[in-house]
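Please have the structure open as you read.

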Amino acid sequence: MSGPAKFKNHVKISERHGAGEWLTERVALALLMPLGLWVVSSVFTLAGAGYDDLLAWFASPLNAGLLILTLLTLFLFASLAWKVIIEDYIHKPLAKTLAIGSLNLVFLVLAAASVFFIVRLALGSAPLPAGIGA
Amino acid sequence: MSSSPLPGDASNDPTDKTGRFVRQPNGRIRPLSPHLQIWRWHVTMTASILFRVTIGAISVGAAIAVGWLAALACGPEAYAGVSALLGSPFGLFIGFGLTVVLFSFLLNGARHLFNDTGNGLSLKSANLLSNIAVWGPIPLAVLFWVLLFATGRVSL
């Protein structure tokens, strides 16, 4: 993971990759601020909407695209934020690695599933499990 | 030792009441050691801890959202069940909790980002930002749901 040390003005800029992760976490959080406001307004307009109204909302590429962007950014942020929290409280190497690894797996699966469902809804695909065996 | 004051030396500053700097027995000005057992609770601590709690809660909220997407993608019959659950008093209670979490994430996240740039770290600003992040989500969520009921989008 840790390649040769990088230097800037003869000063080591980061022991490993902590600074990059720190910055990625902040960029994701900054991106989530406007997206979160959009989620608030979308939840408000969609509250109490019926199935057909919801499908019409998902049929708009802007809505589907923004929702995919929101969830992917949120899961990226969550995995980095959880990593920091776990590193603060779990110190045994194996337990720490297992906790971070399994949470990353959960977030990866959730991210993939959300893209899968949103793309199907946006394309107006036949209700599941059509197309996957049934 | 030079006679010029060291950087951060407030030991001879009569306006400095913080007691942050002490003259050590060897004559050097050093910051007071942190007391690990003498401290009091501060709202910035609440804001910091609540942000971690919020991150946990919003992760669960995102998982619920993916479940909602799955139900929607499984067609009208599957969605009807989830929709009925969401509209039940228990579902509305969870929904209210998730809006508190969402507003908490926005306010506390904004506070964190602002503080990350090195701004708002004076005692007064930090207190104000923390108080907004800690208490703000509740009136915002109440307002959100009052508007939902008032516009007839949600009803019991």
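1. Let me begin where the two chains meet: 29 residues of chain A and 25 residues of chain B make up the contact. Two residues are taken to be in contact if their C-beta atoms, placed from the backbone, lie within 7 Å. On the chain A side, helices H1 (18-46), H2 (51-59), H3 (61-89) and H4 (93-123) each supply at least two residues. Of these, H1(A) gives the most, with ten residues. Helices here are DSSP runs (H or I, at least four residues), numbered from the N terminus.

2. By class, the side of chain A that touches chain B has 24 nonpolar, three polar and two charged residues. The classes are: Ala, Val, Leu, Ile, Met, Phe, Trp, Tyr, Cys and Pro nonpolar; Asp, Glu, Lys and Arg charged; the others, Gly among them, polar.

3. A word on what you are looking at: this is a predicted model, in which local features need pLDDT of at least 70, side-chain atom pairs count only at pLDDT 80 or more, and totals for chains, interfaces and linings use all residues. Residues are numbered from 1 along each chain as its sequence is written, while chains are lettered from A and ligands numbered from 1 in the order in which they are written. The predictor gives the complex an ipTM of 0.86 and a pTM of 0.83. Chain B has an average pLDDT (the predictor's confidence in each residue, from 0 to 100) of 88, and 87% of the residues score at least 70. Where pLDDT is low, the predicted coordinates should not be read in detail.

4. Do look at Val39(A), which lies in helix H1 of chain A. Val39(A) is buried, because 20 other C-beta atoms lie within 10 Å; the cut-offs are 20 or more for buried, 12 or fewer for exposed, and partly exposed in between, with C-beta atoms placed from the backbone. Leaving out residues up to four places away in sequence, Val39(A) touches Thr70(A) and Leu102(B). Val39(A) and Thr70(A) are 31 residues apart in sequence, with 8.4 Å between their C-alpha atoms.

5. Over in chain B, Leu123(B) is found in helix H4. Leu123(B) counts as exposed, as it has 10 C-beta neighbours inside 10 Å. Its C-alpha atom is separated by 31 Å from that of Gly97(B), 26 residues apart along the chain.

6. Finally, Leu107(B), Asn108(B), Arg111(B) and Phe114(B) in H3(B) meet Leu129(B), Ser130(B), Ile132(B) and Ala133(B) in H4(B). By class, this contact has five nonpolar, two polar and one charged residues.
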